Amino acid sequence: MYPSEYRYTRDHEWVKVEDDVCVVGVTDFAQQELGEVVFVELPEPGQVFDAHDEIGTIESVKAVAEVFTPVAGEIVEVNEKLQDDPELVNDDPHGDGWLVKVKFSSASDLDDLMDAEAYEEYVAKGKE
Amino acid sequence: MSETTPSRRTPLYDAHVAAGAKIVDFAGWQMPVQYAGLMEEHRAVRTAAGLFDVCHMGEVRVTGPGAEAFLQRLTPNDVAKLAVGRAHYSALLTPEGTFIDDLLVYRLGPAEFMLVVNAANAAGDLAWIVSQPHPECEITDLSDETALLAIQGPRAMAIVTPLASMDPSTLKYYGFARGEVAGVPALISRTGYTGEDGLELYVPPAAAMGLWQRLMEAGREHGLVPAGLGARDTLRMEAGMALYGHEIDRTTTPLEAGLDWVVKLDKGEFLGHEVLRRQQAEGIARRLVGFEITGRGIARQGHLFRHGGVEVGAVTSGTFSPTLEKALGMGYLPVALAAPGTEVSVDVRGRELPARVVPLPFYRRAR
């Protein structure tokens with residue numbers, strides 16, 4: 001279910017490291033909790049954030065969730081497809097439904113993240 | 001309801017769990033908020049049919065020679081004009097003319113009525129009703145002995161008719177009759193909270209599960225799906241229907257909420273009469289409006305309206321409309337800004353989204 005090469009946050013986001021860039025998205029658990037996504041609001045490329053800053057929102061019919069950046073750095077790309085097809089977040093949360101790419105300034109921000117196994121435990125615990 | 005009170009389950013709880021529902025605590029009840037998905041359930045109700053568990057609603061019986069006079073004083077709509085076999089929409093108002101709750105009044109007999117109230121207010125409503133002078137009246141809480149299923153949508157009548165002891169399509173809108181559905185004794189009511197045709201079935205709790213299953217089986221070929229509180233909320237919003245705690249509460253009057261048609265000032269004295277008569281004569285300062293967001297985003301309850309940089313009101317309900325596929329909502333604006341076409345903005349978490357006042361309801365079914 002959760003790709004083993006990704007890292008995960010307590011906010012139910014995933015991070016895929018590609019050289020000095022992190023691809024960030026929300027997990028399958030998060031999209032299930034939200035329900036059908038109808039709007040995704042993302043930052044502009046070039047904006048710089050600290051780790052854990054709120055960088056956008058995902059809205060479903062009934063709920064709104066904040067998007068945080070797990071790492072400090074500069075937004076280098078946002079998923080433009082989500083403007084017209086926000087449901088990609090539901091359909092392919094770990095793939096085509098990615099949100100942003102962040103060029104991270106400090107690799108140590110990644111140290112706090114969970115691996116897939118730890119995240120699955122974290123989700124299971126939350127459901128109890 | 002206090003935090004220590006454990007939440008209750010309706011007689012249909014096991015059916016919801018079996019159907020994969022996501023259960024949430026609502027007004028002290030463990031209720032299904034959605035099954036397969038809110039949008040799918042919403043669209044099924046608009047195009048086929050949906051089955052709702054609304055057992056959490058409260059029912060109160062008022063009987064006796066004084067019942068009509070009591071309800072005339074207690075509620076603003078004209079109970080004297082309510083025929084046996086008919087229901088009407090009304091309210092419980094404070095002496096200040098604001099909402100304690102909204103409700104349906106059913107006239108079961110010349111001197112016998114049933115009030116149907118919101119789950120969240122049921123205990124408080126009952127206490128209020130009993131606290132009012134009620135000569136020659138008996139007031140009974142029927143909530144624990146009443147289960148309520150709502151079947152709503154263009155296919156609802158076709159699903160229920162073959163199972164019913166009487167032809168429910170002979171009922172007028174807001175008409176009801178006693179009969180049987182799938183062998184279960186029921187008060188069959190042509191009412192609902194979705195903007196679609198359909199029925200609400202008041203039945204004994206012990207029979208509710210059997211009836212739910214029979215309806216689901218019979219409805220399968222018609223596209224019937226179980227529908228949760230999530231879809232119920234988006235459906236009522238599209239239909240421009242008020243919800244207690246959102247459009248109406250102890251700070252709002254029926255005239256402000258656009259419910260003038262519920263207030264019969266000429267029928268005689270009732271609770272709130274004086275204030276509402278004055279409010280009608282002098283004019284209201286603010287009014288409930290429908291609006292759509294013309295930018296990108298969704299307004300939610302509590303977000304503020306601005307006009308020319310000035311805060312002018314607040315959103316009471318907001319959602320993405322599955323039928324109209326845009327963000328819409330309801331809220332209060334000064335009367336001068338309440339005309340359809342007026343441009344305002346909504347502060348959505350610090351972003352100013354443009355919005356336009358539009359007529360209510362947003363959605364009206366083809367008849």
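This is a predicted model: local features need pLDDT of at least 70, side-chain atom pairs count only at pLDDT 80 or more; totals for chains, interfaces and linings use all residues.
Residues are numbered from 1 along each chain as its sequence is written, chains are lettered from A and ligands numbered from 1 in the order written, and side-chain values use heavy atoms, with hydrogens and water left out.

Q: Why does the radius of gyration of chain B agree with a compact globule?
A: The radius is taken over C-alpha atoms, and the globule rule is 2.2 Å times the number of residues to the power 0.38. For 367 residues that rule gives a value near 21 Å, and chain B has 21 Å, so the two agree. The C-alpha atoms fill a box of roughly 60 × 50 × 45 Å along the principal axes.

Q: Why is B:Ala83 called partly exposed?
A: Buried means under 20% relative accessible area, exposed means over 50%, and partly exposed is in between (1.4 Å probe, protein chains only). B:Ala83 has 41%, so it is partly exposed. B:Ala83 sits in the loop between helix H3 (67–74) and S6. Helices (H or I, at least four residues) and strands (E, at least two) are DSSP runs, numbered from the N terminus.

Q: What share of chain B is buried?
A: Buried residues make up 59% of the 367.

Q: How do you know that B:Glu59 has no salt bridge?
A: A salt bridge needs a side-chain nitrogen of Lys or Arg within 4 Å of a carboxyl oxygen of Asp or Glu. Lys and Arg count as positive, Asp and Glu as negative; His and the chain ends are not counted. The nearest side chain of opposite charge to B:Glu59 is B:Arg8, 9.3 Å away, so there is no salt bridge.

Q: What makes a set of residues a nonpolar core?
A: The members are buried Ala, Val, Leu, Ile, Met, Phe, Trp, Tyr and Cys residues, joined through side-chain atoms within 4.5 Å. The largest such core has 41 residues, and B:Phe99, B:Tyr106 and B:Ile248 have the most contacts inside it. Strand S7 (99–109) and helix H7 (229–238) are among the elements that give it two or more residues. Apart from it lies another core of 33 residues, including B:Ala21 and B:Val203.

Q: Which residues does B:Ile248 touch, beyond those up to four places away in sequence?
A: Contact means heavy atoms within 4.5 Å. The partners of B:Ile248 include B:Tyr89, B:Phe99 and B:Leu259.
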